[in-house]
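Thank you all for coming; I would like to take you through one model this morning, chain by chain and then contact by contact.

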Amino acid sequence: MSQYIIRRLLQMIPTLIGISIIVFAISQLVPGDYITATQNPNLTAERIAQLRALYGLDLPPVQQYFVWAKNMLVGDLGQSLQHQMPVTKVINTYVWNSFIIAFFSFVFSWIIAAFVGVFSAQFQYSFFDKVVTLLVFLLMSLPSFFIGLLAIKYFALDMKLLPTGGMTTAGLNATGWAYIKDVGLHMFMPVVVMTTLSVGGLTRYFRTGMLEVIRQDYIRTARAKGLKERTVIFKHAFRNALLPAITLLGFELPGLFGGAMILERVFNWPGIGQIYLASLNLRDYPLMLGFTMFLAVLTLLGNLISDVLYGVADPRIRLK
Amino acid sequence: MEQPSLNRTEQLQEQLKIVKAESPWRIAIRRFAKNRLALIGLIILFIMAIICAFGPLFSPYELNQTNIKDKNLAPNAQYWLGTDKLGRDVLLRVMLAGRISLTVGLVATAISVVIGATLGAVAGFYRRFADTIIMRIADIFLALPTLPILITLGAILSDLKIEPSKRIYFLMLIIGILGWVGLARLVRSQILTLREQEFMQATEALGLRDSRKIFRHLLPNTVPIIIVSATLGVAGAILTESALSFLGLGVVPPTPSWGNMINAANNLIDFRKRPWIWIPPGVCILVTVTAINLIGDGLRDALDPKMKSR
Amino acid sequence: MAKELVAFRNLETHFKTSAGTVKAVNDVSFSIREGETLCVVGESGCGKSVTAMSLMQLIESPPGKIVGGEIFFEGKDLLKLSKKDMSRLRGKEIAMIFQEPMSSLNPVFTIGKQITEPLLYHLNMTQKEAKARAIELITMVGIPRPEKIFHSYPHELSGGMRQRIMIAIALSCDPKLLIADEPTTALDVTIQAQILDLMRDIKTKRNTAIMMITHDLGVVAEMADFVVVMYAGKVIEEASVLELFREPRHPYTQGLLKAKPVINQRKERLYSIPGQVPNPVDLGENCHFHDRCEFCMEICKTKAPPLRAHIDGHKTACWLYEEEGKAQ
């Protein structure tokens, strides 16, 4: 097993190199850099040249790439031009905000999807199943920003039940329980919207998995043993249907730490996604590139975790 | 041995009750027709396409016609979906935006399909070196966070000051190029299986050229997978385009797109007081994408029931 | 004569398909005695598996349904039992093994877990007791190193071993009836012989009644005490095994026996019954075998012959032996 993991980690390296080159090349295509983006009219040409040299923006692109890549290897993602802090620190400050929304919606969507998917499969062709199927299609077709805006309009503005955005109420310097309550209120809509967006596809996945498993011969054997239907479904069938779902767990990793850019923008949530969007506008390359690589690493790690988990869960697979 | 007369052959056929076998396509079409949800999706999509394609011809208004005195009107008899802050008829804009969004979705997906099917076929057919390289590239594309890259490319398009009308073509290109991996993998694995089958040994015995083998024999068998993947791909492409346009980085005004019409909601007053400006385009996206997903799912069921157990 | 254990009376199990209703089991009646091995023979699609699944009440409910008749087990009509009571019988008094051993075991649970499951559920044993019994069972079905097998997964065993495990599971609660649906069809001939030996062993040691479904007359000759021949959903002949082989009465049975190649006999061409099994949808009122039968008479095309015993213990459903038929 450890051999397998090491081999996979080594295989990740050329992929990461490829990604870094592509991402860096794309960023170089963008006209202008941080200095021009801030559009400070007071800067003289001299000053601009000085700043450029200071930030290392005057070096030829290929050299810039190698400087950047070399630093990355030691974990230095550079200095964010906009925030004037190391990129790693910027990420660390904001990523946890994104994490709490992503985490709760991950938990909720998986639990809901598992139950609904299993029941839907068990009572295939029933009214419940048909409603679920239609609902799943609708949920999978929702544009994220649209449902976010709708939620804000109806629950925040029209019904005044929940705050319109942000993570805390401005000016309210709450601590302890009051703080948690405040954040909770603000978190409510983003989490609900995020859960709604992901629960559709997941439910479908569980449902399809269960349907396939229920048709298998070993389920017939379990029934022939005279076991209760509940046992047959939740012990024998579900355990097998869970196998392909386990691979999905790994793919949740980039989402958990990556921040939902569009939703954070809509809800004005101070997460890493919003910061990332801002960095694009301001051509804050170190942050932009650093975070993109961070996401890429998470994606590849997520793949690896998926495969490893699958190897652990399915006794027929022995990773080598 | 005497030749049986035509009459005798017919007689025998009557006796044995020979029935002409149905081609797999006819079977699939019949299966699709039985799927109520898929049919509903097809009808909805058809209606949507007709409205967007031909509706504007019947509208008394023009795309860039601004009647400032008629601005910000709620839906009424004259303007069925009201007007925006420039006095433009919202209904007309929604229909025109539909043309754009649907076209971008289709063309971008077509690009993805061409790239993906070709690369997948090459990887599956030649294996070894070509396969390794293509799959590595696929891995890189997969690990790229798509939305950030698209956003960046969109920002580049803005900075390069590309004309809005030309910008659409670039948009179709970049969405298309970033979406080929899924189909490529499906095609590749299908071809890996197919090439071991006996009919491929027959083409080998006939000494056919490689390109003939791929394009005449292997790829046609992957068409069902391609159709399903493409249909679902269009749905995804429409959602992607609308998200980009919403952020101002996809289709930009004055060209209307469902996504950038929803952008109007960023203005607080429009958001609160004038929902008719941003809700209809959103509903259109939802309805269209749902319809396409229903169709895609119905196609998957019809073309290969083994693909998914129902 | 041993007591009657199972009795099928006028069983009707139908399947609704898009092409019409298939009467998979069409008025089937026969009985199985305690300790007796009864073989149900017939071609694919004749309804033999469905008959067994009807007894276990494992028919998939759309599209299939038991629409009529009774199935008595120890005097009780199983079709009138509640789901709960039926599931108490299943696995405990009546057990079943299936045709495909490769896929009949759950791949994510160990063998031990799967054998002890019915023991824990039906017999309320403790984990320790169940494990001990499971080891016994694994040994009993002829698998060496039972401890190792107990902790193995199904994919680590061969087809023959998996079928033995299935038998072990089936026998774990000492059932009165073991239903075996083509248990050896998917196995090599040598393994087949071993499995049949095992089953014969079980029969003598535990006096378990066996309902064996097969299409292989060789298996019938080896295992059966009594034989029921089915065709297109109906029973067309039943007799003790010696009687059946010595004097098959129904033309279909005669055809089956004629078709079997015999060692040391030279033939130009192997015999095969002409024609094909009829389309199971919407079969009419007639003898379903009539269009393949060389003795077909007018009455065969319009009326279904009743299943009647013309000699003691040997029933046939054929107009050749009926008064009405003989008249023609």
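When I say helix or strand, I mean a DSSP run, helices being H or I with at least four residues and strands being E with at least two, and both are numbered from the N terminus. What you see is a predicted model, in which local features need pLDDT of at least 70 and side-chain atom pairs count only at pLDDT 80 or more, while totals for chains, interfaces and linings use all residues. Residues are numbered from 1 along each chain as its sequence is written, and chains are lettered from A, with ligands numbered from 1, in the order in which they are written.

Let me begin with chain C, whose secondary structure comes to twelve helices and twelve strands. Its radius of gyration, taken over C-alpha atoms, is 21 Å, close to the 20 Å that the globule rule (2.2 Å times the number of residues to the power 0.38) gives for 328 residues, so chain C is as compact as a globular protein of that length. Along the principal axes, the C-alpha atoms of chain C fill a box of roughly 70 × 50 × 45 Å. Buried residues, those with 20 or more other C-beta atoms within 10 Å of their own, the C-beta atoms being placed from the backbone, make up 42% of the chain. An unreviewed UniProt entry annotates residues 6-257 of chain C as "domain: ABC transporter", and such annotations may be inferred rather than shown by experiment. That span is 39% helix and 28% strand.

Within chain C, four strands form an open antiparallel sheet in the order E2-E1-E4-E5, where two strands count as paired if DSSP finds at least two bridges between them. Strand E2 (20-33) and strand E5 (76-77) of chain C are the edges, each pairing on one side only. Strand E1 (residues 4-17) of chain C pairs with E2(C) over eleven bridges, and Lys16(C) has Thr21(C) in E2(C) as its bridge partner.

Asn264(C) is exposed (the cut-off is 12 or fewer other C-beta atoms within 10 Å), because it has 4. Its C-alpha atom and that of Thr126(C), 138 residues apart along the chain, are separated by 57 Å.

Turning to chain A, the unreviewed UniProt entry gives "transmembrane region" for several spans, among them residues 94-119 and 241-263. Residues 94-119 of chain A are 100% helix, with end C-alpha atoms 39 Å apart, and residues 241-263 of chain A are 91% helix, with ends 31 Å apart.

Finally, the contacts, for which two residues must have C-beta atoms, placed from the backbone, within 7 Å of each other. Between chains A and B, 36 residues of chain A are in contact with 36 residues of chain B. H1(A) gives the most to the side of chain A that touches chain B, with seven residues. By class, that side has 24 nonpolar, nine polar and three charged residues; here Ala, Val, Leu, Ile, Met, Phe, Trp, Tyr, Cys and Pro count as nonpolar, Asp, Glu, Lys and Arg as charged, and the others, Gly among them, as polar. The contact of chains A and C takes 17 residues from chain A and 23 residues from chain C. Of the side of chain A that touches chain C, the largest share, six residues, comes from H9(A), and the classes there are four nonpolar, five polar and eight charged residues.
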